[in-house]
Each structure stands twice: as structure tokens, then as C-alpha cells.
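Here's a quick briefing for anyone meeting this structure for the first time.

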Amino acid sequence: MNIHSFLADGDQQNNQSKYILTSTNKLPKQRINDTSASTLGDSYLRSCALRLAQQGDYTEAIATLTQLISRHPHNAVDYNNRGLIYFQGGERQKALFDYNTALTLNPYLASAYNNRANYYAACGELAAALADYDQAIDFNPRYVRAWINRGITWRDLGQYEEAIENFEVALLFGQLEGHIWAERGRTYHLWGDWNCAIADYRRALTQLPSLKTTRDVTGSRLRLQIENWLNDLLSPERPIW
């Protein structure tokens, strides 16, 4: 499999206010005051879990999300996010269990399909990965991460034209352009269109954050990969046609 990063998605990474709203049950209006403290506590725990995960403290992040799950055992979003952290920590089977639980609780949760597809892709089960990316896009056609990940998977299968088509659709939404140009450039690179690859790599580098200023681990890793790929193409030993 080629070196790349599938883009995972947990709801607390996208939009924290959305994450909080989707994780609490609707309550009668007259009980809002009675539950405000509990809601604030849930919000705080989710913020803590996100911060801990970003710092690489997966054990504490998982413990925090487990506490939330004990409070809200039917909340698919919390299972999805805990699964994502299990996956990031290398505990793939636990991640798969949580993704499956999330989808049992909410069969329409596009981010859980995307994350489970990343699991399948990491295990080399590319057909299963494509099926889950398809589901994610069916439920949310503007889901840029799933379009990118599906393009990467098509590329891993050697289907470069299909990969390019996915990346071009992803560009229409005006999000994650640095990642998209990098992955499209890598596809052109492997396909043998080096001029297009160089152009996309350079576009990607203008969008991705500087290594000195970012805490974006995925973005930093991708920037280093792009620099290596670009150096390879621009080396004196390799002619450019």
C-alpha cells in the first residue's frame, strides 16, 4: 500500500458545538434548568477528551469518553469518537467494535462509516473500505474526507482515473485543498504524469501549515511526504518531460 494518511473524522474534530448538540437527548422545556449542570459536564468532558487525544494521551482520552458512554449509552457519536481514538492508539479491534456499535445505534452516521472504512483500508480490505466510503458519501454527499479517502483507496487499487475523479469532486467543496492537491499529485506521480504531479505538490505546499507553527500532526506528516515526493521528481537524475 502506498504511503499516505486516510483522513479520520470524529464529530468533536469537525465542530464541537455540533458534537454537543448531537450527543444529548431532547428534553422537555420545563426541565432545561434541571439538566444544565449535567449538560455542561458532558460538554467539558468532550472538550477534555479532544484535548487529550490531540496531546497523544489516548489512555486518558478513552477513559473520558468511556465515562460519557456510561452516562449516555445510546449515543452513537461518543462510540464513534472513542473508536477513532482506539484506532489512533493502535487498538484496531476495539476501534472496529466501537464503530460497529455506533452504526447499530445510528445507521446514518456518515463519519462512523468513514472511520470504519479507514480501519478496513489499514487492514488491506479495500473492497470493504470502498463500500463504507460509498455509504458515507450516500448519506452525506458533501463529505469531503470520504471523497478523499475513497480516491486514495482507488489509487491503491491502481485505478488512477477513478482516484482523480474523486479528488476533483472533493475540490468542489472548498475544504482541505492542501490534502486534496497532495493526494491528486501523488496519483499523477504514480500514474507517470510528473508535470501535473509537481504542480499539485506545489499547490499543496501553499495550503498546508508550516511545520514550525502547526499542531496538525496529519498535516505535518503530509507536508514532509510532499517534500520527499517533490525532491524525488526534481532530482537531476530524473528527466521531466
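Helix α6 (residues 92–105) packs against helix α7 (residues 110–122) at an angle of about 150°, and their axes are 9 Å apart. That makes α6 roughly antiparallel to α7, since angles over 145 degrees count as roughly antiparallel, under 35 as roughly parallel, 65 to 115 as roughly perpendicular and the rest as oblique. This is a predicted model, where local features need pLDDT of at least 70, side-chain atom pairs count only at pLDDT 80 or more, and totals for chains, interfaces and linings use all residues. Residues are numbered from 1 along each chain as its sequence is written, and side-chain values use heavy atoms, with hydrogens and water left out.

**How to read the helices**
- Helices (H or I, at least four residues) and strands (E, at least two) are DSSP runs, numbered from the N terminus.
- Axes are lines fitted to C-alpha atoms, for helices over the stretch in contact, and angles run from 0 to 180 degrees between N-to-C directions.

**α6 and α7**
- α6 passes α7 in a left-handed crossing (the near helix is turned anticlockwise from the far one by less than a right angle; clockwise would be right-handed).
- On the α6 side, the contact (heavy atoms within 4.5 Å) includes Arg 92, Leu 96, Tyr 99 and Leu 103.
- On the α7 side, Tyr 113, Arg 116, Tyr 119 and Tyr 120 are among the residues taking part.
- Sorted by class, the contact of α6 with α7 has 9 nonpolar, 3 polar and 2 charged residues (Ala, Val, Leu, Ile, Met, Phe, Trp, Tyr, Cys and Pro count as nonpolar, Asp, Glu, Lys and Arg as charged, and the others, Gly among them, as polar).

**α5 and α7**
- The axes of helix α5 (residues 76–88) and α7 come within 10 Å and cross at roughly 25°, so α5 and α7 are roughly parallel to each other.
- Their crossing is left-handed.
- Asn 80, Leu 84 and Phe 87 are what α5 brings to this contact.
- The residues of this contact split into 5 nonpolar, 4 polar and no charged.

**α4 and α5**
- Helix α4 (residues 58–71) packs on α5 at about 160°, with the axes 10 Å apart, and that makes α4 roughly antiparallel to α5.
- α4 passes α5 in a left-handed crossing.
- Among the residues that meet here are Ile 62 and Leu 65 from α4, and Tyr 79 and Ile 85 from α5.

**Salt bridges**
- The count comes to 11 salt bridges (a side-chain nitrogen of Lys or Arg within 4 Å of a carboxyl oxygen of Asp or Glu).
- One of them joins Arg 82 and Asp 98 at 2.7 Å, N to O.
- This pair links distant parts of the chain, with Arg 82 in α5 and Asp 98 in α6, 16 residues apart.

**Confidence**
- The chain's mean pLDDT (the predictor's confidence in each residue, from 0 to 100) is 85, and 81% of its residues reach 70 or more.
- Over residues 12–37 the pLDDT is below 50.
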